[in-house]
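Please keep the structure open while reading.

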Amino acid sequence: MALDEALVRSPRKPRAARRLAAPPPAGMSPEEWQTRVDLAAAYRLAALYGWTDLNNTHFSARIPGTDHFLLNPFGMLFDEITASSLITLDKDGNILSASDYPSNPAGFVIHSAIHMSSPDLNWVIHTHSRFGTAVATQRQGLLPVTQKALTLMGWIAYHDFEGAAFDVDERPRIVRDLGDKRIVILRNHGLMTVGKTIGEAFVWMYRIETACRIQIDALSGGSELNPISEATRTRTIEQGVKMYGPGGFIETGKEWPALLRQLERLDGTSYRR
């Protein structure tokens, strides 16, 4: 039997992600503690992947069953974040948890816009990565010249730059521009992804960051880009909507357990403290 056939007939099941190392702190629900652990893991993975801008970007998560959300302390680097160090904000930006650090006001505006707009958008990731910001600065945005870009295009929205995000009046426009998409190219600024789960939001960011990196590399080579016909572009965009969406064969977010295993191989388990 060929190896490919054997894998199809008897796919190897991935090892389950490790459970929490310790019970939640007194007075905290298991659901909140699990959310904290997953959000801390996302910060640590972002540091491993080189998506950081010191402490100047932010990932957030809604605390299950509440209208509060978790954000990174403004002053800690991503590779320092732990589950217990994350701060809790309400919908007005008030810090509800004890912390030696403040919150990032721009982080509050961007993330509260999403969390307040939908009960299903529980996770938001925002970056100022080198390649993502480079593409966000180009007039045409993400170009339809690679499979990676085309399969994402049915999931992408754009939001025009309005200056540093300190004004809560910008929130309705962020929500309007997001619409029903999962990736936002923040023009002249960076990238943002959203999801119902941490795996969904994180993997959307991985995919758009990869597409942006490929675009910048291709353009920097100086050679003419190979064109793709309009019919093939349309077909590939439609394929991306189906295969990455709910029930698709590579439905976005299912990679999260494997990402946790990678994190623990490379960075240990201190994020779970």
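Contact here means heavy atoms within 4.5 Å. This is a predicted model, where local features need pLDDT of at least 70, side-chain atom pairs count only at pLDDT 80 or more, and totals for chains, interfaces and linings use all residues. Residues are numbered from 1 along each chain as its sequence is written, and side-chain values use heavy atoms, with hydrogens and water left out.

**Thr88**
- Beyond its neighbours within four places in sequence, Thr88 is in contact with Glu32, Arg36, Ile63, His68, Phe69, Leu70, Asn94, Ile95, Leu96 and Ser97.
- Thr88 has 8% relative accessibility, so it counts as buried (under 20% relative accessible area, with a 1.4 Å probe and protein chains only).

**Gly154**
- Gly154 is also buried, at a relative accessible area of 19%.
- Setting aside neighbours within four places in sequence, Gly154 is in contact with Lys181, Ile237 and Val241.
- Gly154 and Gly221 are 67 residues apart along the chain, and 27 Å separates their C-alpha atoms.

**Largest cavity**
- A cavity is a set of points, on a 1 Å grid over the protein atoms alone, where a 1.4 Å probe fits but cannot get out; lining residues have an atom within 4 Å of a point.
- Ile110, His159, Asp160, Phe161, Glu162, Gly163, Ala165, Glu170, Ile174, Leu186, Arg187 and His189 line the largest cavity.
- That lining has five nonpolar, three polar and four charged residues (Ala, Val, Leu, Ile, Met, Phe, Trp, Tyr, Cys and Pro count as nonpolar, Asp, Glu, Lys and Arg as charged, and the others, Gly among them, as polar).

Note on methods. Buried < 20%, exposed > 50% of the residue type's maximum accessible area, 1.4 Å probe, protein only. 1 Å grid on protein atoms, 1.4 Å probe; cavity = no way out; pocket = protein on both sides within 12 Å on 5 of 7 lines; lining within 4 Å.
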